[in-house]
Amino acid sequence: MMISCAVDGIFVTDMVIQFFTMYPKTTARGIQWEDSLQKIARKYVTTWFPIDLITIIPFDIIELASGADHMGAFKGTKAIRALRLLKLMRILKNLKWLHKFEIAVSIPYQQFALVRFLFVLLIVCHWLACVWAMTLQLNDPLAEPPIPTWIEEVEAADAEDRTEPMRLYLTAFYFCSYTMTSVGYGDIFPRNIVERVVCTMIILTAGLCWAYVLGEVCAIVSDMNSETQAFRKKMTDLNTMMWEQGLPYELRCRLRSFFLQNRHQALHVTRQRLRDSMSPQLQSEVCIALNLAWIRKVTFFSQFMELIEETEERGLDVDPFRMCIADISRELDCGAFAQGERFDNVQVLYILSKGLVALNSRVGTNGAVWGEDFVLSDKSLIRPVRGFALTYLEVLHLTRANFMKVIERRRFSCPQLGQIVRKFCVRLAARRGILQHAQQAQKLMEAAAASEAMRSAQLETSSIAAVAHGGSSPTSPTSFPSPAPPRISKEMLAKQQSFGMVPGQLEDF
């Protein structure tokens with residue numbers, strides 16, 4: 001009795017609190033919280049208040065105060081108090097501890113949903129078992145003749161005593177579980193009108209719950225295998241296309257091998273979609289955390305990161321700088337190369353994410369970066385690195401055009417990135433331009449020396465021939481035609497004339 005009164009007190013307190021608890025409402029400006037006490041009270045009175053009021057009626061106290069001859073005269077009214085279960089369902093909808101648990105722990109939501117539905121089944125089955133066991137108390141035990149009940153058959157078969165609560169509960173739970181799952185052994189069945197009414201309600205409730213859980217579980221299982229199903233469809237389309245086009249067997253094997261290894265490349269698109277749905281600051285932080293390893297390997301990006309760290313140490317705002325990194329990450333494209341393929345990197349920055357690649361005279365592994373000079377506008381100053389796929393490759397690549405778009409877009413909010421890149425380009429272009437000019441000058445000197453040696457050889461040969469035939473003196477300057485000057489191509493001449501400007505300058509700034 002004390003426990004029942006304490007529970008009633010808790011529910012009464014909850015009813016009072018409901019008159020002062022705001023609720024969300026949908027408006028033209030979005031979801032807002034209603035703070036008007038009059039509207040809050042009106043909504044509560046028209047929704048949950050009647051059910052809450054009925055469930056807190058102290059039937060036990062009324063029974064004692066009424067002076068009934070025996071306990072149990074008001075047992076039929078206890079069925080109304082089962083409506084408290086609906087209120088528990090309302091409480092379960094707003095569990096803050098579950099949200100905190102989801103924040104702190106990485107939950108596989110699909111598996112978690114399956115466990116949650118199993119838990120719902122157990123809870124519903126438990127409640128129905130309690131209702132089914134309560135039917136034994138709804139009948140008058142002093143009726144003549146005695147009213148038959150469902151437990152009598154079980155007692156006769158198992159020699160059980162209905163006064164043992166655990167045996168009674170397990171039997172009721174067993175009945176409700178096979179009723180809910182539509183198994184229906186039939187060894188327990190209603191034997192009076194009250195039990196038939198309650199059993200009908202249990203069958204309807206259990207059927208609805210079972211249908212809902214089955215539908216949700218099928219949807220979850222289908223979603224868990226969505227990527228596998230999409231991949232299988234892609235492979236089926238590939239096999240159909242190769243068969244219809246009559247491709248050679250060796251090429252078919254190479255294509256299947258490529259698609260099998262390229263199965264998980266779609267993760268890059270999924271991650272990009274997730275980043276786009278984040279807030280700007282979270283986007284920048286995630287992009288820096290994911291790309292910091294290869295960013296440190298690029299000279300001007302590394303300098304930019306050092307600037308961010310220095311600015312942050314001074315307590316200044318670095319959000320515009322981080323947004324630049326986020327924009328650059330969004331411009332990264334994902335590519336794949338089959339084993340044995342060759343590719344170049346003119347004005348493209350490559351980041352290797354999977355596989356082994358041969359880069360001229362070295363081998364690159366995961367995280368390798370090449371093509372740092374992709375920011376130069378003069379392609380003649382770029383040192384091409386020819387890549388050869390030693391295994392299946394997955395790379396991220398950034399083109400010069402996309403990178404310059406980011407710099408142009410952020411030139412007012414973050415001009416420091418453009419300045420760092422410009423200084424890098426000027427130094428690199430000047431160094432390579434001077435080296436290129438020196439190489440061209442050396443080639444000209446070698447060509448001039450070769451021409452002079454050829455002229456001397458021609459003079460010597462001509463003088464020997466003239467002496468042998470008794471001709472004119474070999475020392476006469478008019479005896480032999482002067483050799484033609486060394487020929488210089490128009491391209492080499494144009495490069496020599498344009499050396500007054502700095503090669504590779506960034507015309508984009």
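On terms: strands (E, at least two residues) and helices (H or I, at least four residues) are DSSP runs, numbered from the N terminus, and two strands pair if DSSP finds at least two bridges between them.

This is a predicted model: local features need pLDDT of at least 70, side-chain atom pairs count only at pLDDT 80 or more, and totals for chains, interfaces and linings use all residues. Residues are numbered from 1 along each chain as its sequence is written, and side-chain values use heavy atoms, without hydrogens and water.

Strand E6 (residues 357–359) pairs with E7 in the antiparallel sense, over three bridges. Ala358 has Val363 in E7 as its bridge partner.

Now the cavity. A cavity is a set of points, on a 1 Å grid over the protein atoms alone, where a 1.4 Å probe fits but cannot get out; lining residues have an atom within 4 Å of a point. Grid points are joined across faces, edges and corners, and the volume is the space filled by probe spheres set on the points.

How many cavities of 30 Å³ or more does the whole structure hold? The search finds one. The largest cavity holds about 30 Å³ of space, and its lining is Trp294, Ile295, Phe301, Ile325, Ile328 and Ser329. Helix H14 (280–295) and helix H16 (319–330) are the elements giving two or more residues to that lining. H16 gives the most, with three residues.

Methods:
1 Å grid on protein atoms, 1.4 Å probe; cavity = no way out; pocket = protein on both sides within 12 Å on 5 of 7 lines; lining within 4 Å.
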